[in-house]
Amino acid sequence: MNKPFLLTLAVAGVVGAGFAAKNDPAVMRIAGRDVPRSEFEYLFNKNAGQQLEQQSLEDYAELFKIYKLKVADALEEHLDTTAAFQKEYLGYARELAQPYMIDSTCYKQLLHQMYDRAQEEVEARHIMFFKPRQYGGMVSREAYTRADSVLTALRQGADFEEMARMYSQDKSSATRGGSMGYVTVNQTPLEFETAIYNTPEGQLSDIIETSVGVHIIKGGKHRKARGTVEVLHILQLVPEDATPEEQARIKARIDSIYTLTTAPNASFEALAARLSDDKRSARQGGNVGWFGCGRMLPEFDSASFALGINEIGTPVRTRAGWHIIKKVGAKGIPSYEESEPMFRQVIEHPEGGYGKILFREFSAKLRKKYHFKQNKKLLEQLFASAGENGIDSTFINTWKTNQAEIASWDGTKYTMPEFMDYLSRFAYETSPQAAPGYLRKRFDNYVNAQLHKLQLDRMADENDAYRNLLNEYRDGMLLFEVSNRKVWEKAAKDTEGLERYFQANRSNYTWTNPHVKGFLVQAPSDSVAQAVQQRIATLSQAELLDSIRKEYPEVKIDQILAAKGENMLVDALAFGSGPVQNPDSKYPAYFMSHMRVITAPETAADVRAQVTTDYQNELERLWIEELRAKYPVEVFDKELKKVRLKK
């Protein structure tokens, strides 16, 4: 069967040739490969936007030829076929594709939905049942059944707060009759958020499933969003098991601290630093930073927003203890333009609720585009079988013998054994109760993943912007790798070549000040310094550093090349500036061994950085000469002259 992808093979096959659009005339042919006008024009315009002075088309074309010749050399050496290159390139391909793998209409709708919701704060009240871990994120029948029975009782008139206290597994809200306080956008799972915004006040939702469990929501009040505030606070903790006497003492203490904060010339920050039990904020003078709706305990939240700027409120009780709050800042709701970057980050997170909506909507478009069909009868038999037996190796091996077509798209048929091979890569779901739902999700994921791979493979032919960007990344990676091998790394490692180049061009390397060469030894005492001097006399220069460092770990020894004025110890020893005290008090004794004063560099090592740069430039020049002789270049002037800068 002829599959149009896997992505790894498809992209790898294209790497060597690059992407080109149909009906896109070439402006050049370099090393037998055409350069489409769209690619050249894209890079020419991008380069122009990065230059202070406008470069002419002719000048840029000359640089472009060299760039493409180097890429051709990289392809000649098959650098695009290495495992490291393939892995990095595929990562770039997927990352660059993301902005094009969405439904733009859906994306805009979600942005505006988020902004509209951000204008309100909603009272959240719920009864929750957790998903058991053994169901792998699926809702167990038991959890759903319990939620359904509670919902039935509520619809028959049972009191919501009482039922929440009795049955909700979210203990923090259960003690408050299911109330979570007010929340706003992006603070709860998207399914939950949608339900609390859409359920009218006083009415009940259907059973809502989120990533953590199932929920019954009672619609709450809506109010205008209040923005954010910045406050300082002083906290006196109240232990959960505090006796009435302890509680009274803590209340008396917070009242006395409040009196101090309101005294003339009192420093709230200093009092917070000294008296608050919240040690983290105490270090910042009690500042807890900026926060908005739903970020703090409800009583703290209400008190903070009710205060005026620089107003200190009377003590407020929360379940943590007593707080004295001073409000120091307030901001309104940001504009759409200010909010959009943050909203985009939320929407584009692939594991978030919005990201899953985008993936689902785009997958639906791909199913239409590639004429997706599925064998519904066979799939229902498959799901029913999972519901009877669960999913294990026996289930997979049994169904693997069925050669029937399970689905098709883009004219290609996919059979049951292929889906079973995919399914076998994941953990089994042996519970018959959870298996059908698990299997439906796996099948949808299988289809969607394959369709997204197919779209990614086709995108370079369909989207000019993506094609040009991907070509640029591909060539940039190849250029870096081949340049590193031919020039940068080669120059750094070619010690003999560096030395030959230095000796041939010695007149280019001069100093204005004399330099000192030798070994600077710093010792903890005169006696140790004397012993080291005696040992050095028995050693060759080649073995000197390693031997002294090994035999005298308490001594510091370095090979020195220092100009006059660069090192005070060297100056004292070599240029007679007089004895100086070592700034490093651990080494009061110091001397130099094999010391020489030279007026010009003797070897490449003496001016290594400068020689390396010059040697790299020489290797680059020779490489370009080699490339021009090795690969043919043909320029199609008629098409090149059609290239235009975009305004």
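pLDDT is the predictor's confidence in each residue, from 0 to 100. Helices (H or I, at least four residues) and strands (E, at least two) are DSSP runs, numbered from the N terminus. The chain average is a pLDDT of 91, and 95% of the residues score at least 70. Over residues 1–17 pLDDT stays under 50, and the model has 46 contacts for them beyond four places in sequence; a contact means heavy atoms within 4.5 Å.

I noted the conventions: residues are numbered from 1 along each chain as its sequence is written, and side-chain values use heavy atoms, with hydrogens and water left out. Because the model is predicted, local features need pLDDT of at least 70 and side-chain atom pairs count only at pLDDT 80 or more, while totals for chains, interfaces and linings use all residues.

Next I traced an open sheet of four strands, in the order β9-β8-β11-β10 with antiparallel pairing. β9 (287–291) and β10 (316–317) are at the edges with a single partner strand each, so one side of each has no neighbour in the sheet. Two strands pair if DSSP finds at least two bridges between them. I found 10 bridges between β8 and strand β11 (residues 321–331), which run antiparallel. E230 stands opposite G329 in β11. Helix α11 (residues 268–275) packs on this sheet and touches β8 and β11, its direction making about 40 degrees with that of β8. Axes are lines fitted to C-alpha atoms, for helices over the stretch in contact, and angles run from 0 to 180 degrees between N-to-C directions.

I then checked the hairpin of β13 and β14, which has two residues between the strands. Strand β13 (residues 405–409) pairs with strand β14 (residues 412–415) in the antiparallel sense over four bridges, and A407 has Y414 in β14 as its bridge partner. D410 in the turn has a positive phi of about 55 degrees.

I looked for other positive phi values. Most residues other than glycine have a negative phi. A31, in the loop between β1 (26–30) and β2 (33–36), has a phi near 55 degrees. N265, in the loop between α10 (244–261) and α11, has a positive phi of about 65 degrees. N265 counts as exposed because its relative accessibility is 84%; buried means under 20% relative accessible area, exposed over 50%, partly exposed in between (1.4 Å probe, protein chains only).
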